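I opened a new page for this chain. My plan was to go from the overall fold to single residues.

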Amino acid sequence: MTFSRLSLLLLGLSGWVAVLATLLSPGSPICVVVNVVFLLLCPGAAVLGLVRPLLGRRDHTGDAMESAALAFAISIGMGMLVSEAYFLTATFTLERTLITLAAITSAAALGAVITSARARRVPLGRREGVVRRRQ
């Protein structure tokens with residue numbers, strides 16, 4: 001599964017939309033849905049978009065389900081790590097955790113734009129599976 005530049009930039013903005021949603025009245029359905037979707041999928045999807053182009057070419061059968069499951073697992077892990085860091089320093093608030101995850105998501109999404117552009121470039125000697133050897 002490859003991400004387009006637009007989808008990566010929207011993914012980078014998703015965390016800041018979740019932060020802005022916290023300004024709505026507490027417990028509003030829009031605030032809850034936006035934050036839950038962000039916390040469960042977006043940080044992991046951004047990190048996955050950053051790492052996936054570096055893995056090289058492979059068979060992409062079943063890629064959508066695999067990507068969704070990996071994004072979910074990575075997001076949960078990142079949320080736990082960030083929350084635990086704030087708990088250990090006795091400075092935990094939901095807003096701090098959300099802002100930190102939004103910053104990580106934005107950085108990973110912008111990094112994914114760079115790595116995907118870099119992965120699209122093929123070295124001159126390796127086009128179409130041909131490797132030039134020294135003679």
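**Fold.** I noted first that this is a predicted model. I looked up the secondary structure of the protein chain and found four helices and zero strands. Read along the sequence, the pattern is α-α-α-α.

**Contacts and surface.** I then looked at contacts in the protein chain with a separation of 6 or more, and 70% of them join residues 24 or more positions apart. For burial, I found that 31% of the 135 residues of the chain count as buried. The chain exposes about 9100 Å², and carbon and sulfur atoms supply 70% of that area.

**Helix H3.** I asked myself what span helix H3 should have. After H3 comes Ala90, and I wrote down its phi as positive, near 55 degrees.

**Cysteines.** Is Cys31 buried or exposed? I looked up a relative accessible area of 10% for Cys31; buried means under 20%, so Cys31 counts as buried. Cys42 has 12% relative accessibility, so by that cut-off Cys42 is buried too. I also checked for disulfides and found zero in the structure. A reminder to myself: a disulfide is a covalent bond between the sulfur atoms of two cysteines.

Methods
Residues are numbered from 1 along each chain as its sequence is written. This is a predicted model: local features need pLDDT of at least 70, side-chain atom pairs count only at pLDDT 80 or more; totals for chains, interfaces and linings use all residues. Side-chain values use heavy atoms; hydrogens and water are left out. Helices (H or I, at least four residues) and strands (E, at least two) are DSSP runs, numbered from the N terminus. The expected span of a helix is 1.5 Å times one less than its number of residues. Buried means under 20% relative accessible area, exposed over 50%, partly exposed in between (1.4 Å probe, protein chains only). Contact means heavy atoms within 4.5 Å. Accessible areas come from the Shrake-Rupley method with a 1.4 Å probe; for residues, only the protein chains shown count as cover. A disulfide is a pair of cysteine sulfur atoms within 2.5 Å.
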